Amino acid sequence: MAEMAPLPQSKPKNVRSRLLVAQLLVILIVLPYLANLIGQPALTSLATRIIILAIAAASLNLIMGYAGLASFGHAAWYGIGAYVVGILYRHSVTGDPLFGLQLGTNQLLMTLPVAIVVAGLFAAAFGALALRTSGVQFIMITLAFAQMIFFFFVALKAYGGDDGLIIRRTNVLPFLNTRDGLTFYWICLAVAVAWHAILLRIVGSRFGRVLEGIRQSERRMAAMGVRTYGYKLVACIISGMGAGLAGALMANHMRFVSPDMMHWTQSGEFMFMVILGGAGTWLGPAFGAAGLIGLESLLGAWTEHWQVILGPLLVLAILFTRGGLSGLMRMIRGGSRG
Amino acid sequence: MAEPLLQVDNLVKNFGGVRATDDLTLDVRAGEVHALIGPNGAGKTTFIGQLMGEIVPDAGAIRFAGARLGGLDTPARVRLGIARTFQITQLLDEDTALANVALTIQAHQGHSFRFWKKAAGDASLFGPAQTCLDAAGLAARGAVPVRDLSHGEHKQLELAMALASEPKLLLLDEPMAGLGASESRQMVESLKRLKGRTAILLVEHDMDAVFALADRISVLVYGKVIATGTPADIQANPQVRVAYLGEGDA
């Protein structure tokens, strides 16, 4: 170590980021107790919502931040995941067959995987078509697909149409009382941590390296001998699965599903979380979700014209924090990278 | 004599009314450096585009190592053993030089549908990548992000990445363009060390470099090869002197 110049405040990068993760986890673990202590138990519910949205935003980040594919239809997979929960719940209550079979269930261990798989299948089918385009056309075609799915559910009177579906009871888990807000918070936190860990492995893998190469130069990737289409498609499927997971959790959290969950403004919010937090950074979308939803709630409690204030704040945040909130975090923590 | 590594026959490409490639016939033998020279707009880069499968020719045939290349896309041709450098560099600007080469090695090793194991620190990628950087004269610059490298170093990195796929044929599109005198000399040295190990089609304006490296030279004018021969033949060819080497200029 003799040749390493000792710089006073620069710790190795991975130590710093591990410290950040540990700090975040501690904050998230004490948060519900703190909320009760200061007499704001509703904060736990707000935090649950942020954590769920962070799962969806982190999934969008895989294709938008890492692979450079700006999908404007992410809310479609999120909504499909939610509807899987709603529809399975409805059938478990009425006992009506679904596709001729008794498929209804209110077991979270069943509904979550089904939501993930169904959202992934839809993402595969639509992604396969959308990826024939690139750039602005890709943005528009993903938006068009998502709007198609939105209007399909608006018209789907059997499942409530634009009124949506009410889920009277949260899906159940063995040994745990999911109707308890705090328990559900822990479940969402555990799922979010697991999902972020999986994404960290994926972006650090050979597959993740190819995605980053695609963002920077598709032409170079072709010259390396890489057919990019398959990689982009698999990334779209993983991203859709993550959004489906988030949607399924949100349906349980709100105990309500409606086509509004897949409205294009919701897709826009996901994009915003990614950009605000820092596209192509691991925890950026989570910060983006917390920043956006936190500001919405704060300003919303203060004035009904909160959007007038939120808009300029977001513009400033993007202009002056290079790399979004993750960039800001690095600046505050004295990182060398801007 | 054995079949050449690359055999191009009667290649034609029109862009609107412009005939960019006009009945072009050319071959590159295994292990030789074949230089392609010609004035600006002669169709050199268009020709490379057709060899790589980025541009589809209107007529003619390209054979490489005994296989017809017609209908194959760029990745397929790269896997057959053709690699190129870009005149206008195409690099992954946000990554380090070493990571750029490592990703090329990764692509050369097969598919990348591997989702779990960390790519960073994989010795099977970064070991060979460092070797390629060494060969291109960038040994000490591996950890530098591409956007912080000089133009000359970008050109060297292009070469390192082309080498990473262990090509049988290397297409170099003006590797000296924009280089200073010492950088040019360094590039010529790097290419000299490659000579004989892989066949090279060298598109270049720098005549000193061409005459230092080439076994054979073809002269391209308005999409047509007007002469092919040894450097001595080409220098002596009156047609070439008129068309290209500037005979008749004051």
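**Entry 1: a strand pair in chain B**

I began with strand 9 (residues 216-221) of chain B and its pairing with strand 10 of chain B. The two run antiparallel, over 5 bridges. I keep in mind that this is a predicted model. I then picked out one bridge: B:Ile217 has B:Gly229 of strand 10 as its partner. A reminder to myself: backbone hydrogen bonds pair the strands of a sheet, either parallel or antiparallel.

**Entry 2: domains of chain B**

I turned to the domain assignment. Domain 1 of chain B covers 1-81 + 167-250, and domain 2 covers 91-166. Their centres, taken over C-alpha atoms, are 26 Å apart. I noted that 12 residues from domain 1 and 11 residues from domain 2 take part in the contact.

Which element gives the most to the domain 1 side? I found helix 6 (residues 181-194) of chain B, with 5 residues. By class, that side of domain 1 has 6 nonpolar, 4 polar and 2 charged residues.

**Entry 3: one residue, B:Gln7**

I located B:Gln7 in strand 1 (residues 6-15) of chain B. Is B:Gln7 buried, exposed or partly exposed? I put B:Gln7 down as partly exposed, because 18 other C-beta atoms lie within 10 Å, and buried would take 20 or more.

I then listed its contacts. Leaving out residues up to four places away in sequence, B:Gln7 touches B:Asp27 and B:Arg63. I also looked at B:Ala65, which is 58 residues from B:Gln7 along the chain. The C-alpha atoms of B:Gln7 and B:Ala65 are separated by 8.6 Å.

**Entry 4: confidence**

Last, I checked the scores. Chain B averages a pLDDT of 92, and 96% of the residues score at least 70. Confidence in chain B is lowest in helix 9 (residues 238-243), at a mean of 80. Helix 3 (residues 97-108) of chain B is where confidence is highest, at 97. For the complex, the predictor gives an ipTM of 0.91 and a pTM of 0.91.

Key:
Residues numbered from 1 in each chain as written. Chains lettered and ligands numbered in written order. Predicted model: local features only at pLDDT ≥ 70, side-chain atom pairs only at ≥ 80, totals over all residues. Domains from an automatic or database assignment. Contact = placed C-beta atoms within 7 Å. Helix = DSSP H or I, 4+ residues; strand = E, 2+ residues; numbered from the N terminus. Nonpolar A, V, L, I, M, F, W, Y, C, P; charged D, E, K, R; others polar. Pairing = 2+ DSSP bridges. Buried ≥ 20, exposed ≤ 12 C-beta atoms within 10 Å, placed from the backbone. pLDDT = per-residue confidence, 0-100.
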